[in-house]
Amino acid sequence: MSFFAISRATLAKDIRLEWRSKDAINAMLFFALLVVVIFSFAFDPTAEESRRIAGGLIWVAFLFAAVVALNQTWARELRNQVLDAYRVSPAPANPLFLAKALGNFLFVSVLEALMTPLFIAFYKLRALGPAWELVPIAFLGTWALVVNGTFFAAISLRTRSREIMLPLLLFPFSIPALLGMVNATTAVLTGEESARFWIALLLAYDVVFTTACLLFFELVLEAE
Amino acid sequence: MKRGFPILAVVTAFLLSFALYEALIVAPTEQTMGNVQRIFYYHVPSAWTAFLLFAINFVASILYLIKRSAKTDILALISAEVGVVFCTVVLVTGPIWARPVWGIWWTWDPRLTLTFALWLIYVAYLLLRRVSNSSQTAVLAAILAILGGLDVPLNYMAIRWWVGQHPSPVIGGGGSLDPRMAHVLLINWAAFLCLAWLLCWTRYELEVAQRQVEEAQALQSLLEGSR
């Protein structure tokens, strides 16, 4: 099977599984909703100040919710020894990783598409800067979260307390990406400065970590 | 332990006491900050030592993935451990100095924030080594260390730009250092490097011994099981 075929088969399987069970998306959606509600109680959402913190709140909500989906990525495959089967098969490791990362990207994107209107309504948001820039920011930011998240989820699979380990590994390594997405979003919402630098930084982060993850994923898959 | 070890221990003890004397008595008192400034002779050498150890961790991790020798893995582990200790010293002495001088315990200055971010990454690294139940912990840890190294330049750019947008207290980075102070600083750095070397050496021998014990125990339980 070619690289593309393996990726497509894995991705199609994950989407079908998710479509039928809706485990990850339901948990993520409800979790993100709870985070938004709690933030609304913790910070006055009607204040003019909320425009400044909304970029941070929205990404923190997505980050926490994404961890829910990311934790399920590999745990699902462990149950029936799917990963062992994959390891003994002659298929290369990278298409599997790419398919998993793309699947997570899709799930988190759906979450973002559903949650963003809610955020806009709750916080009465209106972009004062160029709003179209939010599209590349969301794209690059989400990819930064899921590519590292998928990779670190595979690493934390090999630890005693899997579900706790993922955020503990993911968050420290995501600081530059998090600074990038939060500040870019805030820059667009307030319209006070350009988001260009942050978009470039996110792009650099994505390129560096996607390359590194693809380079090392085979080692992680083999490390039982 | 090898013969060099006691010599290094004596040299370290001598250098540390001499450096303490130099820092507290010989070094001139700073004009505006007063005696509080003397913490600088501990703070800065600790930071340089920690960064050096993190760099060693990065190189040792790459070497481990290439050569797969236990030595490079142990070197990566201990350099991260001792590096985190020195980094903690930096993060503790910083606020102690900042409180009387700036009037605040903490500020999101680029250097502080970057040091803190580094500390978080290496604590995560050590945590992974501790909770891993993989037979290939060393490989996973080496990968994580390399990703951590890649994270540093991105972190540096992000934090610089982030701080650039937010006003922060003016930090006396522009002024030149009195040559006598620079002299004391270098003596302290030499002492701290010796201390780091000593700690790493001790930790190295300990780790080697521990792995031998674990191996022997595993072998023994294997033999008992087959009986």
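This is a predicted model: local features need pLDDT of at least 70, side-chain atom pairs count only at pLDDT 80 or more; totals for chains, interfaces and linings use all residues.
How many helices and strands are there in chain B? I looked this up to begin with: chain B has six helices and zero strands, where helices (H or I, at least four residues) and strands (E, at least two) are DSSP runs numbered from the N terminus.

Residues are numbered from 1 along each chain as its sequence is written, and chains are lettered from A and ligands numbered from 1 in the order in which they are written.

Next I checked the extent of chain B. Its C-alpha atoms fill a box of roughly 75 × 45 × 25 Å along the principal axes. Of its 227 residues, 32% count as buried (20 or more other C-beta atoms within 10 Å of a residue's own; exposed is 12 or fewer, partly exposed in between; C-beta atoms are placed from the backbone).

Then I turned to the pairing of chains. I found 26 residues of chain B in contact (C-beta atoms, placed from the backbone, within 7 Å) with 26 residues of chain A. On the side of chain B that touches chain A, α4 (110–131) and α5 (137–165) each supply at least two residues. α5(B) gives the most, with 14 residues.

Last, I looked at one residue, Leu202(A). Leaving aside neighbours within four places in sequence, Leu202(A) is in contact with Leu140(A), Gly141(A), Ala144(A), Ala177(A), Gly180(A), Met181(A) and Ala184(A).

Definitions and conventions:
Two residues are in contact if their C-beta atoms, placed from the backbone, lie within 7 Å.
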